[in-house]
Amino acid sequence: MCRIFAACLKDGKVSPILKTGLKRLEYGGYDSAGMATIDNGNLEIKKGVGKIDEVDRIVNFESLNGNIGIAHNRWATHGYPSITNAHPLTDCTGEIAVVHNGVIENFLELKEELIKNGHEIKSRTDTEVVAHLVEEEVKKGNDLVKACLKAIKRVEGSYALAIIYSKEPDKIVLIRKESPLYLGIGKDGNFASSDPVAFVDKTNLMIPLEDYELAVITPYYYKIYSIKDEKEILRNPVEIDIKPQMIEKGGYPHYMLKEIFEQPISLYYAINVQRLYLNAIAEPMSRSKVNFLIGAGTSYHSCLAGSYMYSKISGLATIPVVASEFIQQYGNTLDPDTSLLLVSQSGETADVLKVASYARMKASTVMSITNVVSSTITRLSRLYLVQQAGPEIGVAATKTYTSQLLIHLLLALEIGKKREKINENEYNEYYTKIRSIPKAAEFVLKSTDQKAKQAAEMLKDYTHIFYLGRGINTATAFEGRLKMLEIAYIPSSAFSAGESKHGPIALIEKNTPVIFIAPKDESRKVILGNIMEIKSRGGKIITLGTNDDRELKEVSDFYIDMPEADELITPILYILPLQLIAYYTAVLKGLDPDKPRNLAKSVTVE
Ligand code: M6R
């Protein structure tokens with residue numbers, strides 16, 4: 001879950017470029033940061049604990065000279081955050097430096113062996129062994145590329161690695177297995193990173209590396225090898241679909257707020273995904289005996305909401321499952337008649353990728369929805385749909401959630417038509433409603449922003465918040481709760497409102513805040529009953545309901561007016577004020593919503 005960045009320039013100092021890239025990658029890990037360059041044949045390293053700016057204030061990254069270097073943002077997996085454990089990590093001679101994203105599973109075994117061979121291991125990380133394994137190989141007379149090819153065969157686990165060696169000062173070796181890694185091919189030099197956003201202002205050409213591939217970049221050329229047979233692989237660069245201006249904050253104080261307000265646009269792009277691909281995915285889903293919808297965190301919530309859409313529009317039963325549980329819970333049931341729709345914003349979530357590989361082994365149909373066109377999930381899927389929401393930098397998923405919801409809705413429509421559950425007229429009517437979503441989202445964002453600030457002011461000091469919804473908006477309750485707890489650190493619970501009587505109500509005391517998601521849909525009547533049960537026990541009722549719902553307004557302590565919308569569209573609109581409330585609560589508490597503690601944007605380890 002760390003992020004790596006490597007750059008070698010034909011001319012000029014690399015450290016400012018590495019620092020800018022690291023800042024763009026900060027969403028992936030920010031408990032320590034580090035950089036190594038080669039200057040006049042010497043390896044120089046600066047690193048420290050904390051966010052990049054904090055580390056930079058102490059070490060001054062730009063004081064590093066040299067035209068070639070590697071850099072790292074850390075999200076600790078092995079070894080607490082400390083200067084010693086921060087990357088880059090070096091071998092005994094201090095000539096080889098390594099940065100790594102992933103987990104080396106057999107590091108203890110390798111460490112023991114290396115210590116027996118006289119190596120001094122300084123850090124508690126799983127990564128350092130790689131530097132020493134390469135050292136062993138160069139001692140035998142191998143050049144850097146050969147040494148890395150040999151060393152990596154000893155390593156088990158997942159990795160995106162960048163390695164430099166001061167005795168071969170024009171080369172960077174990159175190695176990939178199960179962690180994302182992209183080469184950037186530029187005019188003024190070459191680059192490599194866990195995410196092309198790091199080098200998008202330097203080149204618009206990239207090459208995604210595949211598992212078990214090793215690449216070497218110099219300022220003038222790149223080469224790719226297969227680790228298995230050490231043969232060279234020829235691969236041309238492809239164009240990057242991200243523009244530099246898409247990754248700036250655009251005047252907003254945080255990426256999260258920018259991304260919340262970008263939703264009218266990202267929803268518009270989602271509506272315009274190609275019908276051809278929708279149809280291609282709808283086909284196996286319509287035919288399969290069993291359909292699973294799989295994701296983690298927010299993407300799972302979109303699957304949960306999606307399951308109501310598939311059922312209501314197309315009469316198709318789908319089973320939403322959390323990715324990390326899927327293989328144990330349903331693995332044994334997979335067969336060629338089963339379809340899996342995997343949802344992952346990043347396309348790199350380890351639990352989701354594991355499901356994809358497993359399902360392929362069972363000859364099930366693997367399909368996916370992702371926001372990252374060149375991500376690993378696209379290579380594991382028979383068919384995939386790209387959300388086109390633009391890069392999401394804030395750790396909390398916002399615009400990619402609503403765009404996932406919209407794509408589920410579009411798929412449900414296609415399937416409904418194929419299964420003849422809706423006729424041409426109904427299909428067209430739905431499309432008319434769907435086309436109005438971006439405008440409705442814009443309206444909701446504008447009209448609820450002030451109220452969201454007031455709600456945040458009211459909620460910020462509470463130690464627990466409930467989120468209750470019914471039907472499809474059970475997913476909205478789950479997602480609103482996740483936003484609040486992950487960025488504002490307020491413990492929160494979410495239930496389907498019907499469940500409240502079965503336990504959660506025991507926690508209601510005078511003034512316990514309970515947020516109800518209560519659009520005018522078929523559960524509106526019952527949810528009123530649930531509100532009354534909480535109210536009569538002293539709970540503070542905060543309701544999101546339609547602006548003409550006088551009955552709900554009367555029983556609520558705080559009311560957020562929402563426009564009327566089709567039931568299946570409400571999750572897209574009702575989550576917007578909940579995202580804003582979580583954002584403003586975090587800001588009022590003095591927290592950085594873009595970088596919640598302990599979290600990374602994409603979780604590339606199991
Ligand atoms: O990239 P993915 O959609 O696969 O990520 C899944 C979760 O890690 C992600 O949604 C996470 O829960 C976010 N922090 C939610 O805001």
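**Note on the predicted three-domain chain**

1. The C-alpha centres of domain 1 and domain 2 lie 33 Å apart. These domains belong to an assignment, automatic or from a database, that gives domain 1 (3-249), domain 2 (252-435) and domain 3 (446-596).

2. The model is predicted: local features need pLDDT of at least 70, side-chain atom pairs count only at pLDDT 80 or more, and totals for chains, interfaces and linings use all residues. Residues are numbered from 1 along each chain as its sequence is written, and side-chain values use heavy atoms, with hydrogens and water left out.

3. The protein chain contains 19 helices and 25 strands, where helices (H or I, at least four residues) and strands (E, at least two) are DSSP runs numbered from the N terminus. Its radius of gyration is 25 Å, close to the 25 Å that the globule rule gives for 606 residues, so the chain is as compact as a globular protein of that length. The radius is taken over C-alpha atoms, and the rule is 2.2 Å times the number of residues to the power 0.38. Along the principal axes, the C-alpha atoms fill a box of roughly 80 × 50 × 45 Å.

4. Of the 606 residues, 62% are buried, that is, under 20% relative accessible area (1.4 Å probe, protein chains only). The chain exposes about 22900 Å², and carbon and sulfur atoms supply 49% of this area, computed by the Shrake-Rupley method with a 1.4 Å probe. Among contacts between residues at least 6 apart in sequence, 71% join residues at least 24 apart.

5. Helix α1 (residues 15-24) is mostly covered, with seven of its ten residues buried. These are Ser 15, Ile 17, Leu 18, Lys 19, Gly 21, Leu 22 and Arg 24. Their cover includes the strands β1 (3-9), β2 (32-39), β4 (68-74) and β10 (189-193), together with helix α2 (52-59).

6. Gln 345 is placed in the loop between β18 (338-344) and α11 (350-361). Because its relative accessibility is 11%, Gln 345 counts as buried. Leaving aside neighbours within four places in sequence, the residues in contact with Gln 345 are Ser 299, Thr 370, Asn 371, Val 372, Gln 387, Glu 392, Thr 400, Gln 404 and Lys 601.

Notes
Buried means under 20% relative accessible area, exposed over 50%, partly exposed in between (1.4 Å probe, protein chains only). Contact means heavy atoms within 4.5 Å.
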